[in-house]
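User: I would like to learn how to read a fold element by element. Can we work through one case together?

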Amino acid sequence: MKQKEILLFGATGQIGRNLIRKLSKNNYKITAVTRNIHRGGYILKTQANPGYLELVEMNNFHYEKIESLMKNCTVCINLVGILYEKKKNQFKTVHTDFPNLLSKIANKLKIDKFIHLSALGIEQAKDSKYAISKLEGEKKIKKNFENSIILKPSIVYSVDDNFTTNFMTLLSRLPIMPLYYKGQTKFNPIHVSDLVDIIIEIIDSKYNKLTLECIGPEQFTFKEIILNLLDSIGKKRLLIPLPNQIAAFSAKLLQLLPKPLLTEDQFKLLKYNNVVSGIYKSNFDLGFKTNKLFKDEINKYSYNWKIGGQFANNKISKLK
Ligand SMILES: NC(=O)c1ccc[n+]([C@@H]2O[C@H](COP(=O)([O-])OP(=O)(O)OC[C@H]3O[C@@H](n4cnc5c(N)ncnc54)[C@H](OP(=O)(O)O)[C@@H]3O)[C@@H](O)[C@H]2O)c1
């Protein structure tokens, strides 16, 4: 079988790093694009077997350069995304204009597949700029290139994430934890390795022209997620439901931080459940079963936030 050449954008992120490792193990050759080859190279160099990974630096979304890179590939995967806007990094540019450009080039060059990562639960969130930009990106892709696959994951978690790890840090430092929308928003968290397995399956499958919602095997409310994290790091905290007006004001302040913990846009998005919509098929419908359980997986790295670290309990039990 001819070796597949993959062109990967957003390779240095949580999903990209995990994907590169499995792609190279599965004999795919990867060209990974990053905005900063020194930082990207430092993160990515150890993720692939020698000869399987080439790094390319690109600062702007440059049509000719992307076209010349895509000429050498059969599959293009776009993992570029942002959680908040900063200067030139605007939602519309990153989530709508860039996928629009990539899918136009994919169509011109008639590559085998274009796989794009969008997000779950954005259809109803008509007041969130993040959701609007992601949805617009999906529409452009569908219009531009038939052989497109749009994957819409719920929250993706792992030791490399910005979600469970940030919350474990907050929960280990703060005496109280505010709950937005009473902590009732629902999620179907999916472990990064389960999501990466779906992407690998899709690359070699017959599937094309597909929009797929990607979820883990369990559903939790935000409050249940926080309780699981607390249990895993061995802490008890007061969980306080914040009235929406106060929560919105706190988001206004928190978004001023260099790496915001919460923005006004994220606060709006949190109002909507992050679960299957019923509009599209899910990975379970196609037989791509995810089986990593939230509690089991977070227990594998939560010791970083526990007093005494990984072997604290073992030592104590041995001394007794
Ligand atoms: N993680 C989740 O829970 C989750 C849930 C739903 C959907 N998704 C979507 O899945 C995709 C990948 O997520 P992730 O968690 O791996 O994201 P991530 O860790 O935040 O990484 C995002 C990547 O985007 C690249 N990037 C950001 N701004 C860019 C710009 N202006 N130009 C070019 N590249 C830029 C960065 O690459 P460089 O800095 O190397 O250039 C980085 O590698 C995103 O589209 C995200 O929206 C993620």
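**Helix length, sheet and ligand shell**

Analyst: Start with helix H7 (residues 192–204): its 13 residues should span 18 Å at 1.5 Å a residue, and its end C-alpha atoms lie 19 Å apart, which agrees. The expected span is 1.5 Å times one less than the number of residues. Helices (H or I, at least four residues) and strands (E, at least two) are DSSP runs, numbered from the N terminus. This is a predicted model: local features need pLDDT of at least 70, side-chain atom pairs count only at pLDDT 80 or more, and totals for chains, interfaces and linings use all residues. Residues are numbered from 1 along each chain as its sequence is written.

User: Which residues of H7 are buried?

Analyst: An α-helix has 3.6 residues a turn, so residues three or four places apart point the same way. In H7 the buried residues are Val192, Asp194, Leu195, Val196, Asp197, Ile198, Ile199, Ile202 and Ile203. Buried means 20 or more other C-beta atoms within 10 Å of the residue's own, with C-beta atoms placed from the backbone; exposed means 12 or fewer, and partly exposed is in between.

User: How do I read the sheet? What is the strand order?

Analyst: Strands of a sheet pair through backbone hydrogen bonds, either parallel or antiparallel. Here eight strands form an open sheet with parallel pairing, in the order S3-S2-S1-S4-S5-S6-S11-S14. Strand S3 (53–57) and strand S14 (281–282) are the edges, each pairing on one side only. Pairing requires at least two DSSP bridges between two strands. Strand S5 (residues 113–117) and strand S6 (residues 148–153) run parallel and share four bridges. Histidine 116 has isoleucine 150 as its bridge partner in S6.

User: Which residues come nearest to the ligand?

Analyst: Of the 21 residues around the ligand, Thr12, Gly13, Thr34, Arg35 and Gly81 come nearest. A residue belongs here if its C-beta atom, placed from the backbone, lies within 6 Å of the molecule. Helix H1 (residues 14–25) gives the most to this shell, three residues.

User: Where does glycine 81 lie?

Analyst: Glycine 81 sits in the loop between strand S4 (75–78) and helix H4 (91–109). It counts as buried because it has 20 C-beta neighbours inside 10 Å. Leaving aside neighbours within four places in sequence, glycine 81 contacts Gly10, Val94, His95 and Leu117. Contact means C-beta atoms, placed from the backbone, within 7 Å.

User: And phenylalanine 91: in which helix is its place?

Analyst: Phenylalanine 91 is in helix H4. Its C-alpha atom is 8.3 Å from that of glycine 81, 10 residues away along the chain. Phenylalanine 91 is buried, with 23 other C-beta atoms within 10 Å.

Methods: Contact = placed C-beta atoms within 7 Å.
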